[in-house]
Amino acid sequence: MEQSQPRAGDLSWRLSSHPITLLFFLGFRTSSLFIYLFGSIFIPNFILVFILTILLLAADFYYLKNIAGRRLVGLRWWNEVDTASGDSHWVFESQDRSGSVESGAPTQNATDKRFFWLALYAQPALWVALAIVSVVRLQNPIWLSLVVIALILTITNTLAFSRCDKFSQASSLASSAMYSGGMAKSLAGGLFSRIFRG
């Protein structure tokens, strides 16, 4: 039998531009769920399972926000607080991944992108399911508090990267329209059509 070669965009870590980053990213994403679900089987101490899960969630949050997002999809975000007024605002940063020769930008790896977005949206969905199970079982409210912490951390990253991606798409669209002259054409066309339509 002939074994087919993986194609770009397939879910194979071997196709990744950054396989070590991808493996650590997936490791952190799955380890907190694994410890939460099966930790009490291997570790009899509830407090140790709770602390390990929290530490793995924090490591996942940090690694995704500061390393994996930047290396796998070229996105980064952070929150800044104005010390004078106390107002906070989110800052989004995106790296040009078009692969264009003029800008010298790297090409977006389809496998990295697919793994990133799949894992980014799957983990909060799994934690929501675990929250529902925790509420239905009513076994121990402390487990529900752990799930709430997990939801806060994973949903924050998911929302931030989703907004960052929308921001990067909008800025790349605006820059391509400006540089290609499309923006000027569309403004002039819209202006003339309004004038002559009445």
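Colleague: What makes you say that the charged end of Arg163 sits over the ring of Trp90?

Modeller: A charge sits over a ring if NZ of Lys or CZ of Arg is within 6 Å of the ring centre and within 35 degrees of the ring normal. The charged end of Arg163 is 5.3 Å from the centre of the Trp90 ring, and it sits over that ring. Lys65 likewise lies over the face of Trp77, at 5.0 Å from the ring centre.

Before we go on, this is a predicted model: local features need pLDDT of at least 70, side-chain atom pairs count only at pLDDT 80 or more, and totals for chains, interfaces and linings use all residues. Residues are numbered from 1 along each chain as its sequence is written, and side-chain values use heavy atoms, with hydrogens and water left out.

Colleague: What kind of pair do the rings of Phe61 and Trp77 form, and why?

Modeller: Rings of Phe, Tyr and Trp (its six-membered ring) pair if their centres lie within 6.5 Å; planes under 30 degrees apart count as stacked, over 60 as edge-to-face and the rest as tilted. The centres of Phe61 and Trp77 are 6.2 Å apart and the planes stand at 80°, so this pair is edge-to-face. Phe61 is in helix α2 (residues 46-73) and Trp77 in strand β1 (residues 75-81), so the pair links distant parts of the chain, 16 residues apart. Helices (H or I, at least four residues) and strands (E, at least two) are DSSP runs, numbered from the N terminus.

Colleague: How many aromatic pairs are there by this rule?

Modeller: The count comes to 16. One of them, Phe34 with Phe38, is tilted: 5.3 Å centre to centre, with 55° between the planes. Both residues lie in helix α1, 4 residues apart, about one turn of the helix. Ring pairs also link Phe25, Phe116, Trp117, Tyr121 and Phe161 into a cluster.

Colleague: What makes Arg29 and Asp60 a salt bridge?

Modeller: A salt bridge is a side-chain nitrogen of Lys or Arg within 4 Å of a carboxyl oxygen of Asp or Glu. Arg29 and Asp60 meet at 2.7 Å, N to O. The two residues link helix α1 with helix α2, 31 residues apart.

Colleague: Which residue forms a salt bridge with Glu93?

Modeller: Arg76 does, the closest N and O atoms being 3.3 Å apart. Glu93 lies in strand β2 (residues 88-94) and Arg76 in strand β1, so the pair ties together parts 17 residues apart in sequence. Glu93 has a relative accessible area of 35%, so Glu93 is partly exposed. Arg76, at 30%, is also partly exposed.

Colleague: Which residues touch the most other members of the largest nonpolar core?

Modeller: A nonpolar core is a set of buried Ala, Val, Leu, Ile, Met, Phe, Trp, Tyr and Cys residues joined through side-chain atoms within 4.5 Å. Of its 18 residues, Phe25, Leu64, Phe116, Trp117 and Phe161 touch the most other members. Two or more residues come from each of α1, α2, β1, α3 (110-137) and α4 (141-180). The largest share, 6 residues, comes from α2.

Colleague: Why does Ile41 count as exposed?

Modeller: Ile41 has 61% relative accessibility, so Ile41 counts as exposed. Ile41 lies in helix α1 (residues 19-42).

Notes:
Buried < 20%, exposed > 50% of the residue type's maximum accessible area, 1.4 Å probe, protein only.
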